[in-house]
Amino acid sequence: MKLRELIKKFNLEIKCVANGLDRKIEGGYVSDLLSDVIANGKAGDLWVTLQLHQNIVAVASLNNLAAIVIVNGRQPEEETIEKAEKEGIPIMVSKMSAFELVGRLHSAGISGMR
Amino acid sequence: MMLRWMRGDLHIHTCLSPCADSSMLPVAIVREAKRLNLQMIGICDHNSIENAEAVRRAGEREGLVVMEGIEVTSQEEVHILGFFDKKTPLWDIQDMVYKNLCGDNDEDVFGEQLLADEYDRVIGSNKRLLIGATGLPVEKIVDAIHRLEGLAIASHVDRESFGIISQLGFIPPGLRLDALEVSPLASRERRCGFSHRYNFPLVNFSDAHSLEGIGRSFSSFLIKEVCIEEIKKALMGENGRKVIVE
């Protein structure tokens, strides 16, 4: 499924890299420990987290993740958005909790298993 | 004044931290530190400075240098230590922390948060959720500490919980930490790994939550006197000052 379709389906708020939404989502990962995402996030994953710090961009870039969704309606820091724009990592915000969003993503066919 | 070696354990909690023993009272802490031949200690409770002055006063009476500090929990759940000189208006940073800290403590779940005076008398308790995370990003905490000319150190960087590397994956470039604290649990190899990977001075402190924990690890500073400026010089290795982790 393409990122663009997920954004529409789950009413995600686009924070940056609006021109990079045609990437295919290969799978999903949810974690708030960035060290864990470095170890376990896979290329093409949609990453669901509540962390707002600019390091999320570097971690997504490092592991070639497709995009980041921040949950609970939390707004990323300005530095995070600037950095994501530069690195070409789309960031979205969902009003849902991680549990609810991940459940719905899974039902929509995004899997944590490869 | 001559340079001299000072054995210091700067990361000690008091009975104000909900996770610390209620026996962590000012005079008790000072006497235990003296028994262990420590020459300086630091007090840093979770998100609060409110017992630090009592320990400093107990130290002045008993002949031990005590640095007042705080261990702030950031929005990312990273612990940052701040240490300050005696005349610093610590309520500046305390106000910022309290403004950004929500919730009330539940003593049955998290533990008591006792306020003590310099004679070990319990004079009250703090009702806030000190174990909680503030809404402050790490950068803001480090900046606030430096605005007060304090020392900003990332706590127990080797640990899986509340350490900056576990929470944020790596130390954010440009974060102006004065040092990284490595916990007593870290092996020599692990310690070498940090100093190899990151260009920050390393220190060892105990993070004591009980009297038995005090001095379990410490660092020795070659300095002229105990003040932030001298400790900063020791961390940077300037003017003959230095620090050795024990």
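**Pockets and strands, with reasons**

Analyst: Happy to! In this predicted model, β3(B) gives the most to the lining of the second largest pocket, with four residues.

User: Which residues line the second largest pocket?

Analyst: That lining consists of B:Arg56, B:Gly59, B:Glu60, B:Leu64, B:Val65, B:Val66, B:Met67, B:Glu68, B:Phe84, B:Asp85, B:Lys86 and B:Val226. The elements giving two or more residues are α2 (52–62) and β3 (65–73) of chain B. The space in this pocket is about 210 Å³.

User: What makes B:Glu68 a lining residue?

Analyst: A lining residue has an atom within 4 Å of a pocket point. B:Glu68 is listed in the lining of the second largest pocket, so it meets that cut-off.

User: How do the lining residues of the second largest pocket divide?

Analyst: Six are nonpolar, one is polar and five are charged. B:Gly59 is in this lining, and it goes with the polar residues because Gly is counted there.

User: And how much space lies in the largest pocket?

Analyst: About 250 Å³. Its lining includes A:Gln54 and A:Glu77 along with B:Pro137 and B:Leu175, and helix α5 (residues 138–147) of chain B gives the most, with three residues.

User: Why are β1 and β10 of chain B called paired?

Analyst: Pairing needs at least two bridges. Strand β1 (residues 4–12) and strand β10 (residues 219–223) of chain B have five, in the antiparallel sense, so they count as paired. B:Met6 stands opposite B:Phe221 in β10(B).

Note on methods
Residues numbered from 1 in each chain as written. Chains lettered and ligands numbered in written order. Predicted model: local features only at pLDDT ≥ 70, side-chain atom pairs only at ≥ 80, totals over all residues. Heavy atoms only, no water. 1 Å grid on protein atoms, 1.4 Å probe; cavity = no way out; pocket = protein on both sides within 12 Å on 5 of 7 lines; lining within 4 Å. Points joined across faces, edges and corners; volume = space filled by probe spheres on them.
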